[in-house]
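Subject: Structure handover

Dear colleague,

Please find the sequence and the structure below.

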Amino acid sequence: MNTATRVLDSFLEREYSAGFVTEVETDSIPKGLSEDVIRTISARKGEPEFLLEWRLQAYRRWLRMTPPEWAHVSFPPIDFQDIVYYSAPKGANKDGPKSLDEVDPELLRTYEKLGVPLHERARLAGVAVDAVFDSVSVATTFRKQLAEHGIIFCSFSEAVKEHPDLVRKYLGTVVPQGDNFYSALNSAVFSDGSFVFIPKGVKCPMELSTYFRINARDTGQFERTLIIAEEGASVSYLEGCTAPMRDENQLHAAVVELVALDDAYIKYSTVQNWYPGDKDGVGGIYNFVTKRGDCRGPRSRISWTQVETGSAITWKYPSVLLRGDDSIGEFYSVALSNHRQQADTGTKMIHIGRNTTCTIISKGISAGRGSNTFRGLVRMSPKAESARNYTQCDSLLIGDKCAAHTFPTIEVRHPSARVEHEATTSRIGEDQLFYAMQRGLSAEDAVSMIVNGFCKEVFKELPMEFAVEAQNLLGVSLEGSVG
Amino acid sequence: MLTISGLKVSVGGRQILRGLDLQIGDGEVHALMGPNGSGKSTLSQVLAGRDSFTVDGGSVTWDGRDVLEMSTEDRAREGMFLAFQYPVEIPGVSNAYFLKAAVNAVRRHRGLAELDAMDFLARVKAEMKAVGMREEFLYRSVNEGFSGGEKKRNEVLQMALLEPRLAILDETDSGLDIDALRVVADGVNRLRSPDRSMLVITHYQRLLEYIVPDKVHVLGQGRIVRSGGPELALELEARGYAWLLEESAPSSGPQSGPARAAAAAAAAAAQASGGRR
């Protein structure tokens, strides 16, 4: 085996460092899904009547729906009765998140180990964190400081209690219950997630982030996130995700809704590192997520940035509805699929308002026997006068057993629309490695330099702290793996 | 001192180098000439550590060390530099980042302090000026979208920054117009020094008008078939390669069939080169 192959192989053999299990007592309900289960979830969370009704309505819709089969992924049918729909660390689910002093130290240690210390004076000092553990939020930091600006940043459950009118006004207005099979399921059984409200004219003074952790066995995570930026407001929000290594697959079916009113700006970044399964494809998370932003007001802007390295299967298309005139939608994505991982991801940009623009930059990396699919839709509706789109879609292949696919769909219904699509496919070459190593770079440094170079246009969109994390995620595992 | 003895190399079962002997003393500049397919590039890549070749026999020692046992990056860090015939593009990685990473990898190995951004920029800008490269090339991706001449200048720039003890230039003159050739040759000549040896691989005598070698070797059918002083290059320019290859052909015994074919190809190449002038 030559050096290049050996280096690439060791790059691919990296260990999943977040795969540990936290030993905590949990308060879980039995497996299975029924109206009773939904009533139980709603009761445990002490929800108002309207939300229970909303959940039940979604459930009844879901019963009439079938799972989507058009994606370029394959897996055995999911038994939805074999999943635990609610699991919480004991004591954490009664009154919502408490002060950090009251949080189980074992949970704090878990987040510390994951590199997300929850103490406000710790490393992520400029970042407010909502920590979601299985089905509940265990802590949210910097709430007081944010409240001084009128910003609400709390768990979804808490928002339901404290700000029911806001929840009622916006919930399901971007991703309707019946949008798709998994959004209907999520609407019926969602447990926790984050809620962000930035009032008129306020620029959020710090990064907001949510860290999702799946811990319990057989448990699905169905989080719901809702972010609202009123007129002229702006916010940068980031989510991170990990899960223990387990031999069975676990389902993560989230819904994220973003609402940007006039002149508002929401930047939403994801560093997704769910357990991808082992090298033979055993275990791992099924990440079936619906994410959509609504540029509701003129000149509003929504930007999605995602770095997807985890999950056994990813099915996700963060999208933007460009309704306001002059609104802007952006999608920057790096998706890595290694071993037997399958990723079918991309975006939908629906241009409705005049003069709307969107940018799509997608970087797919396929390695091992991984399969990476970009699926995109750019729709210029009949009213979208002078709308513009630019799409760049690049695939990098590592090794000769992986696959990359691109399915762009473009619909233009206004003659003034301008649409551009560029695509490339390349292979990490033995040439590139040899060139870099001939200049004295180690094999590890050479590979991570080449991969980082490929991803650069996306990484530069991430907030500083997380750009470093994302680079490490792709490269750190190379340390000491050669020789 | 670099000593190559009886080096035999094959790729995919096909023998390319068939017992090559070559010695380059400290501070000497040797030119290696020969027709297409004679194994010139194979030799340069084997020396630099590319492992898509199989070494079937022979040895390479460099100041007493067994080169073939060293990793690619260690050869580089110890001061071996290969200027590529086809420099490789690395999209998204800025030239500045790449050069700094390389310079510091080599400095670390030599026990020197790493250069910080300021010191590095000062150095690189001075060297760029010398090879006639504009500063914008620092911030462009490595070799991406560079013209042929720009790529070769970038190679010479890297050579200057890395300060090798042994530099191998693989057809650095190919694809260059006369002005670019002069700039590249000037860059190389500036780097000539008593503790830096060079192996200049070229097809044509033209480059050797600018870089005057101490010795000239002709490679044919995987072996050195003739060595001499700079005047040998002139003779080749006048007579082509064919006569030399024919002289050495009988010794290849049963393989004279392919050898004759190679000689014929070489004759054709020499003729083409003669017609150009």
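In chain A, Arg55(A), Ala58(A), Tyr59(A), Arg61(A) and Trp62(A) of helix H3 meet Ala184(A), Leu185(A), Ser187(A) and Ala188(A) of helix H8, where two residues are in contact if their C-beta atoms, placed from the backbone, lie within 7 Å. By class, this contact of H3(A) with H8(A) has six nonpolar, one polar and two charged residues; Ala, Val, Leu, Ile, Met, Phe, Trp, Tyr, Cys and Pro count as nonpolar, Asp, Glu, Lys and Arg as charged, and the others, Gly among them, as polar.

Please keep in mind that this is a predicted model, in which local features need pLDDT of at least 70 and side-chain atom pairs count only at pLDDT 80 or more, while totals for chains, interfaces and linings use all residues. Residues are numbered from 1 along each chain as its sequence is written, and chains are lettered from A and ligands numbered from 1 in the order in which they are written.

H3(A) covers residues 49–63 and H8(A) residues 181–189, and the two pack at an angle of about 145° with their axes 7 Å apart. Helices (H or I, at least four residues) and strands (E, at least two) are DSSP runs, numbered from the N terminus, and axes are lines fitted to C-alpha atoms, for helices over the stretch in contact, with angles that run from 0 to 180 degrees between N-to-C directions.

Ile38(A), which has its place in helix H2 (residues 35–44) of chain A, touches Arg55(A), Leu56(A), Tyr59(A), Ala188(A) and Val189(A), not counting residues up to four places away in sequence.

In chain B, six strands form an open sheet in the order S6-S9-S10-S3-S11-S12, with mixed pairing; two strands pair if DSSP finds at least two bridges between them. S6(B) (80–83) and S12(B) (223–228) stand at the edges, each with a single partner strand, so one side of each is left without a neighbour in the sheet. S6(B) runs parallel to S9(B) (residues 166–170), and four bridges join them.

Finally, the contact between the chains takes 22 residues from chain B and 19 residues from chain A, and on the side of chain B the largest share, five residues, comes from H3(B).

Best wishes
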